[in-house]
Structure formats: structure tokens, C-alpha cells
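The sequence and the model are shown first, and the description follows.

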Amino acid sequence: MIERRGRVEGKVAIVTGAGSTPGPGMATGRACAIVLAREGARVLLADIDRERAESTREIIEKEGGTAAVFAGDMTEAADCDAMVRAAVEAFGTVDVLVNNIGVAVAGNVVDTSEADWDRVLDLSLRTMFLAGKSAVPVMAAKGSGAIVNIGSISASRGGNYVGYAAAKGGVNALTVDMAYSHGRQGIRVNAIAPGHITTPLLYSVTGVTPETEYRQRLAAASGPLGTNGDGWDVGWAAAFLASDEARWITGVVLPVDGGAMSVTPLMMAPGLRAEPPPA
Ligand SMILES: NC(=O)c1ccc[n+]([C@@H]2O[C@H](COP(=O)([O-])OP(=O)(O)OC[C@H]3O[C@@H](n4cnc5c(N)ncnc54)[C@H](O)[C@@H]3O)[C@@H](O)[C@H]2O)c1
């Protein structure tokens with residue numbers, strides 16, 4: 001049998017927000033880090049909360065992977081610079097950057113406070129701008145690199161999260177603009193737009209637990225597949241986009257959403273599915 005090399009064998013990856021909100025389920029940042037490590041990358045786990053990143057490191061090392069922790073605030077340019085330096089010091093270079101940090105606060109344009117707007121934009125968009133600013137020169141110097149930005153289907157579907165929607169729209173715009181500017185430097189920039197997946201973040205935002213009927217309702221409403229997605233689905237997509245298998249893919253926003261973006265929402269409502277007329 002032919003042994004398959006890991007998708008990102010020998011590469012060095014940084015994942016921002018590689019810890020996890022406490023609680024049940026698998027976070028997207030943690031999943032991206034674990035899958036990249038399983039696929040052969042050495043991974044720098046960046047998080048403002050050292051303990052959370054350490055927990056991810058333990059999981060990776062237990063599986064025989066290689067990871068290091070960097071604690072810092074990715075809304076600060078100096079910390080993003082230090083993060084990239086830490087990856088270079090620990091592992092020699094940076095090949096892959098997964099920009100994962102993002103936070104959602106419910107509210108419309110009237111009831112969202114300026115403080116919440118600023119916080120959501122800072123965490124969900126500024127972190128990606130600053131991490132890119134620090135990582136791109138290292139990638140450009142060697143003529144290769146892959147950046148994966150974690151967006152959301154909220155960029156193009158309303159849901160009463162005005163700041164989050166605006167931030168994720170910004171992530172998509174940042175992605176295509178960076179793809180253009182840095183393509184000739186050998187750097188690919190893509191985004192993943194997850195649907196409503198069952199992560200610890202989702203459970204903490206909605207206040208529900210996995211045991212409740214919410215999970216089934218979420219699956220039924222999510223799209224054509226009628227199943228729940230989780231952090232692993234994002235992790236696998238990120239590993240592919242980070243890998244050389246995606247060498248001719250840049251500037252795309254890949255929905256990882258059970259098909260939610262492909263269907264008219266009406267068709268997901270109970271009793272409203274269009275059926276052929278009786279024969
Ligand atoms: N769960 C969903 O349904 C869903 C849907 C669409 C998109 N997403 C996106 O997935 C991403 C987050 O997923 P997750 O499951 O990893 O979230 P998470 O909140 O569980 O983990 C994110 C990590 O980021 C860290 N962090 C927060 N602020 C930071 C900062 N300033 N500097 C450094 N680290 C910081 C936190 O400590 C945490 O460990 C977000 O971009 C979110 O918008 C999630």
C-alpha cells in the first residue's frame with residue numbers, strides 16, 4: 001500500500017485563537033490546530049489565554065504531534081509581531097497562518113452599543129489584518145505561504161448580529177484583496193465561511209447544552225444535509241486550503257455549512273418544502 005504523506009507535512013503553521021471557549025464540543029481554532037498537526041505541520045498555538053492554548057498543545061503532543069504555545073493579544077500589533085517571531089524561533093519559518101479569532105454579539109444597528117461594535121470588529125477583523133501584516137513579510141521573503149481566514153455565512157445572511165456580519169463581510173473583502181496583492185509573492189489567501197456549527201462558542205452564546213433538542217432543531221434548519229456541523233469540519237477544510245493540494249486556489253470563500261448557503265431558506269421551514277404534484 002502507498003503511504004500517504006500528511007497534507008501539510010514539514011510546514012510550520014500559526015493558528016490564532018487556538019485555545020477554546022470552555023464547554024462541550026470542539027472549537028474551530030483548536031480543531032484547525034489539531035488537524036494541521038495530524039497532517040504533519042508543526043503548529044504555534046496563539047491565544048490570549050495561555051491555559052487554553054496549553055490544553056490544545058497537550059492534545060496535539062499526546063497524539064505525537066509538535067506544537068508550541070504563544071500567549072498574546074492579537075488585537076495588538078506588537079503581539080502579532082512577537083507571535084510571528086516566536087514561530088520563526090521555534091520552528092524556523094511560517095508557511096501557514098490560520099486567522100481564527102472572532103466574536104459575535106447579538107443586536108441590530110440601533111441596540112448594538114459602540115463598545116460592542118468596536119470589540120466585535122477588533123477581535124473578528126483587526127486581528128486578521130494585524131496577523132497578516134506580521135506574517136506576510138516572512139512568507140513573501142521565501143516566495144510561498146497560505147493564509148486561511150475563518151469567516152462566517154453571517155457575512156451574507158442576516159441574523160441580527162450587525163457588528164459580526166459587518167466584520168465577517170470585512171473578512172471576505174480582506175481575503176480577496178490580500179489574495180490579489182500577495183499572489184505574485186506566492187501567497188494564497190482564502191476564507192472559510194462556517195454555518196451554525198456546534199462549538200463551545202455556539203453553546204455559550206446561545207446558552208443551550210448539547211443534550212437539548214436545540215441540536216436537532218439546528219440540524220434540521222441548517223441546510224439540505226439536515227445534519228450538525230462541528231469544529232472538525234472547519235479544521236479539515238482549513239488543512240486542505242493550507243496544503244499544496246490547494247496550490248491553484250486563492251481568493252475564495254468556502255462555505256462549510258451543510259449546504260445552508262445553497263438553499264432558499266423557505267425550503268427549510270417545516271411544511272414548506274416544494275414537492276412534485278401528485279401523479
Ligand atoms: N460556532 C459557530 O457556529 C461559528 C460559525 C461561524 C463562524 N465561526 C467562527 O469561528 C471562529 C472561532 O471559533 P472557535 O470555536 O475557535 O472560538 P472560541 O471562542 O472557542 O476560541 C477562540 C479563542 O480565541 C481566543 N482569543 C480571544 N480573543 C483573543 C485575542 N485578542 N488574542 C488572542 N486570542 C484571543 C480565546 O481565548 C479562545 O481560546 C470565529 O472566527 C467565529 O466567528 C463560528
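Which polar backbone atom lies 2.8 Å from an oxygen atom of the ligand? That atom belongs to Asn100.

## Basis of the model

This is a predicted model, in which local features need pLDDT of at least 70 and side-chain atom pairs count only at pLDDT 80 or more, while totals for chains, interfaces and linings use all residues. Residues are numbered from 1 along each chain as its sequence is written, and side-chain values use heavy atoms, with hydrogens and water left out.

## Ligand contacts

Asp47 places a side-chain N or O atom 2.6 Å from an oxygen atom of the ligand. Ile48 contributes through its backbone, with an N or O atom 3.0 Å from a nitrogen atom of the ligand. The ligand taken alone exposes 870 Å², and the protein buries 93% of that area; accessible areas come from the Shrake-Rupley method with a 1.4 Å probe, and for residues only the protein chains shown count as cover.

The shell around the ligand has 31 residues, with Thr21, Thr28, Asp47, Tyr164 and Thr199 as the closest; a residue belongs here if one of its heavy atoms lies within 4 Å of the ligand. By type, the shell contains eleven nonpolar, 15 polar and five charged residues. In this division Ala, Val, Leu, Ile, Met, Phe, Trp, Tyr, Cys and Pro count as nonpolar, Asp, Glu, Lys and Arg as charged, and the others, Gly among them, as polar. At least two shell residues come from each of α1 (28-38), α5 (162-182) and α6 (200-206). Helices (H or I, at least four residues) and strands (E, at least two) are DSSP runs, numbered from the N terminus.

## The aromatic pair

One aromatic pair is present in the structure. The ring centres of Tyr161 and Tyr164 are 6.3 Å apart and the ring planes are at 65°, so the pair is edge-to-face. Rings of Phe, Tyr and Trp (its six-membered ring) pair if their centres lie within 6.5 Å; planes under 30 degrees apart count as stacked, over 60 as edge-to-face and the rest as tilted.

Tyr164 is buried at 15% relative accessibility, whereas Tyr161 is partly exposed at 26%. Buried means under 20% relative accessible area, exposed over 50%, and partly exposed in between (1.4 Å probe, protein chains only).

## The nonpolar core

The largest nonpolar core has 36 residues, of which Ile14, Leu44, Phe70, Met74, Met83, Leu97 and Ile147 touch the most other members. Such a core is a set of buried Ala, Val, Leu, Ile, Met, Phe, Trp, Tyr and Cys residues joined through side-chain atoms within 4.5 Å. β1 (12-16), β2 (42-47), β3 (66-71), α3 (77-91), α4 (114-142), α5 and β6 (187-194) each give at least two residues to this core. Helix α4 gives the most, with nine.

Thr127 is part of α4 and is buried, with 3% relative accessibility. A polar side-chain atom of Thr127 lies 2.6 Å from the backbone oxygen of Leu123. Trp117 is also in α4, but is partly exposed at 35%. From Trp117 to Ser152 the C-alpha distance is 17 Å, over 35 residues of sequence.

Lys168 belongs to α5. At 2% relative accessible area, Lys168 is buried. The C-alpha atoms of Lys168 and Ile197 are 16 Å apart, with the two residues 29 apart in sequence.

Asn160 sits in the loop between β5 (145-150) and α5 and is partly exposed at 45% relative accessibility. The phi of Asn160 is positive, near 65°. Most residues other than glycine have a negative phi.

Thr93, in the loop between α3 and β4 (96-99), is buried at 17%. Its C-alpha atom is 7.3 Å from that of Val138, 45 residues away along the chain. Ala269 lies in the segment after β7 (253-256) and is partly exposed at 26%. Ala269 and Ala220 are 49 residues apart along the chain, with 8.9 Å between their C-alpha atoms.

Definitions and conventions
Polar contact = N/O pair within 3.5 Å; in protein donor to acceptor, adjacent residues only side chain to side chain.
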